[in-house]
Amino acid sequence: MPNLLSRYATPLTTGLFLVSLISGIALFFHYGTAAFREMHEWLSMVLILPFVLHVWKNWRPFLAYFKRLPMALSLGVCLVAGLAFAWPAITGTATGAAGNPAFAMINLVAGGTPAQVAPLLGRGEADVIAALKLAGFTVADATAPLSEIAAASEKDTMALMATLAALKAR
């Protein structure tokens, strides 16, 4: 391994791990989600490279761990813990409470028609339809769910929700 990479593999792994640790704790406690989510996701991905360099640099001592019981036990416990959290989603047995409640609400609103959603925005159906048309959505059928209006307009549901949120703010 080039000397420069060797010198920085462990410090970068440590620094990026600390960023991931702090942002992960903040996300767990729902503190500053908007500030930490993207940081956590991207810098955790960046952490992969220095981790690989760190393992490469310390390959022989790393292999020695696999000759002893603690590594096998630790990996087994981590696998079981990960599966326990993922199992409901993998098997489709997750309850309605599982997942991000904000996305559940978005899907609930997107399943409504302009007439059903208009009172949530303090507007009339005509105002909702006009705002959608102004934003480039094709509203051929006002009785169609908003998600279908977005799909027919070749736009995603989040763009439609942003349009509705802007309408509410006016």
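Reader: What makes Ser23 count as buried or exposed?

Author: Ser23 has a relative accessible area of 0%. Buried means under 20%, so Ser23 is buried. The model is a predicted one, and the value is computed from it.

Reader: Where is Ser23, and what does Ser23 touch beyond its neighbours in sequence?

Author: Ser23 sits in helix α1. Not counting residues up to four places away, Ser23 touches Phe36, Met39 and His40. The C-alpha atoms of Ser23 and Ala35 are separated by 8.9 Å, and the two residues are twelve apart along the chain.

Reader: Which residues make the contact of α1 with α3?

Author: From α1 come Leu5, Ser6, Ala9, Thr10, Leu12, Thr13 and Leu16. From α3 come Pro50, Phe51, Leu53, His54 and Lys57. By class, seven are nonpolar, four are polar and one is charged.

Reader: What makes His54 buried, exposed or partly exposed?

Author: His54 has a relative accessible area of 25%. Buried needs under 20%, and exposed needs over 50%. The value lies in between, so His54 is partly exposed.

Reader: Where is His54, and which residues is His54 in contact with?

Author: His54 lies in helix α3. Leaving aside neighbours within four places in sequence, His54 is in contact with Ala9, Thr10 and Thr13. His54 and Tyr8 are 46 residues apart in sequence, and their C-alpha atoms are 8.7 Å apart in space.

Reader: Why are α2 and α3 called roughly parallel?

Author: Helix α2 (residues 33-46) and α3 pack at an angle of about 30°. Angles under 35 degrees count as roughly parallel, so α2 and α3 are roughly parallel to each other. Their axes are 4 Å apart.

Reader: Which residues make the contact of α2 with α3, and how do they divide by class?

Author: Ser44, Met45 and Val46 of α2 meet Ile48, Leu49 and Pro50 of α3. The contact has five nonpolar residues, one polar and no charged.

Reader: Which residues of α3 are buried, and what covers them?

Author: Pro50, Leu53 and Val55 are buried in α3. The cover includes α1, α2 and α4 (59-65).

Reader: How do you know whether His30 is buried or exposed?

Author: His30 has a relative accessible area of 68%. Exposed means over 50%, so His30 is exposed. His30 is found in the loop between α1 and α2. Phi of His30 is near 55°, a positive value in a residue other than glycine.

Reader: How do you know whether Glu154 is buried or exposed?

Author: Glu154 has a relative accessible area of 75%. The cut-off for exposed is over 50%, so Glu154 is exposed. Its place is in the loop between α9 and α10. Phi of Glu154 is near 55°, a positive value in a residue other than glycine.

Reader: What makes Thr113 buried or exposed?

Author: Thr113 has a relative accessible area of 14%. That is under 20%, so Thr113 is buried. Thr113 lies in the loop between α6 and α7 (114-117). Not counting residues up to four places away in sequence, Thr113 touches Ala142, Thr143, Ala144, Pro145 and Leu146.

Reader: And what makes Thr163 buried or exposed?

Author: Thr163 has a relative accessible area of 13%. The limit is under 20%, so Thr163 is buried. Thr163 is found in helix α10. Leaving aside neighbours within four places in sequence, Thr163 is in contact with Ala131, Leu132, Ala135 and Phe137.

Reader: Which residues touch the most other members of the largest nonpolar core?

Author: The core has 19 residues. Val128, Leu132, Leu146, Ile149, Leu160 and Leu164 touch the most other members. The elements that give two or more residues to this core are α6 (101-110), α8 (125-134), α9 (146-152) and α10 (157-169).

Reader: Which residues is Ile149 in contact with, leaving aside neighbours within four places in sequence?

Author: Ile149 is in contact with Pro114, Phe137, Thr138, Val139, Asp141, Ala144 and Leu160.

Notes: Residues are numbered from 1 along each chain as its sequence is written. This is a predicted model: local features need pLDDT of at least 70, side-chain atom pairs count only at pLDDT 80 or more; totals for chains, interfaces and linings use all residues. Side-chain values use heavy atoms; hydrogens and water are left out. A nonpolar core is a set of buried Ala, Val, Leu, Ile, Met, Phe, Trp, Tyr and Cys residues joined through side-chain atoms within 4.5 Å. Buried means under 20% relative accessible area, exposed over 50%, partly exposed in between (1.4 Å probe, protein chains only). Contact means heavy atoms within 4.5 Å. Ala, Val, Leu, Ile, Met, Phe, Trp, Tyr, Cys and Pro count as nonpolar, Asp, Glu, Lys and Arg as charged, and the others, Gly among them, as polar. Axes are lines fitted to C-alpha atoms, for helices over the stretch in contact, and angles run from 0 to 180 degrees between N-to-C directions. Angles under 35 degrees count as roughly parallel, over 145 as roughly antiparallel, 65 to 115 as roughly perpendicular and the rest as oblique.
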